[in-house]
Amino acid sequence: MEILKVVLAALFSAAELFLIAKIIGHKQVAQLEFFDYITGITIGSIAAEIATTLEDPWWKPMIALAVFGGVTIVLSVITRKFPKSRKYINGTPTILMNGGKLYRKNLKQAKLELSEFLLMCRQEGYFNLSDIQTVIFEYNGQLSILPVSAKRPLNPEDMHLAPQQETISTEVIMDGSVLSENLQRMGLDIIWLRRELKAQGFGSEKEVFLALCDDNHQLTIYANE
């Protein structure tokens, strides 16, 4: 009965930490996966408890440590086997800026103040927002920035060129699983996808590790090795 209490306490604390980390926001996570972040904090705390506890039974924190390790492994397997679960566990990327327009609602959702957003842009080397086409706040708390075509390295303006604006490709297959929501958002369907796969020599989506589709409906495929 005592062991069951310890296990349940560890599981409830894991769930509570997960919710707290979600509320705080991804900017606290830095470059760690979401659950790795909160598990690292907890395991460190439990390890300190083991090292400093002299009177209580030593096996209690050991059980809690094993529970947290087990939860981390299980979630890792789930996110690897079921790609759709990643948005619930790790979160999803958020577009903060696109085509010269800042999205106040998305900044609020990402729990980023405007000053923080500008700081992160400067840290990526962008001091002028007019040089930026798209900014995405990734689930690991980092910014991904697509510059306007005229401001890429080897500035086309210096060569009197007007390159076509690039756009960000969308994942339509990950780990052999079709991402139906992304397909629908691009106005495509599974019939179109399978026809494109066949045209490039793939029998089914199970043979694909990653497939990306751009706004021109050009499909780039990386095979499952």
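1. Because the model is predicted, local features need pLDDT of at least 70 and side-chain atom pairs count only at pLDDT 80 or more, while totals for chains, interfaces and linings use all residues. Residues are numbered from 1 along each chain as its sequence is written, and side-chain values use heavy atoms, with hydrogens and water left out.

2. The largest nonpolar core has 15 residues. A nonpolar core is a set of buried Ala, Val, Leu, Ile, Met, Phe, Trp, Tyr and Cys residues joined through side-chain atoms within 4.5 Å; buried means under 20% relative accessible area, exposed over 50%, and partly exposed in between (1.4 Å probe, protein chains only). Val172, Ile173, Leu193, Leu197 and Leu219 touch the most other members. Two or more residues come from each of strand E5 (170–174), helix H8 (190–199), strand E7 (208–213) and strand E8 (219–223). Helices (H or I, at least four residues) and strands (E, at least two) are DSSP runs, numbered from the N terminus.

3. Leaving aside residues up to four places away in sequence, Leu197 is in contact with Ile173, Phe202, Ser204, Glu205, Val208, Leu219 and Ile221. Contact means heavy atoms within 4.5 Å.

4. Another core, of 14 residues, lies apart from the largest one; Leu96, Met97, Val135 and Ile145 are among its members.

5. Asp175 sits in the loop between E5 and strand E6 (177–178). Its phi is near 55°, a positive value in a residue other than glycine. Asp175 counts as partly exposed because its relative accessibility is 29%.

6. Where is His217 found? It is in the loop between E7 and E8. Phi of His217 is also positive, near 65°, and the residue is not glycine. With 32% relative accessibility, His217 counts as partly exposed.
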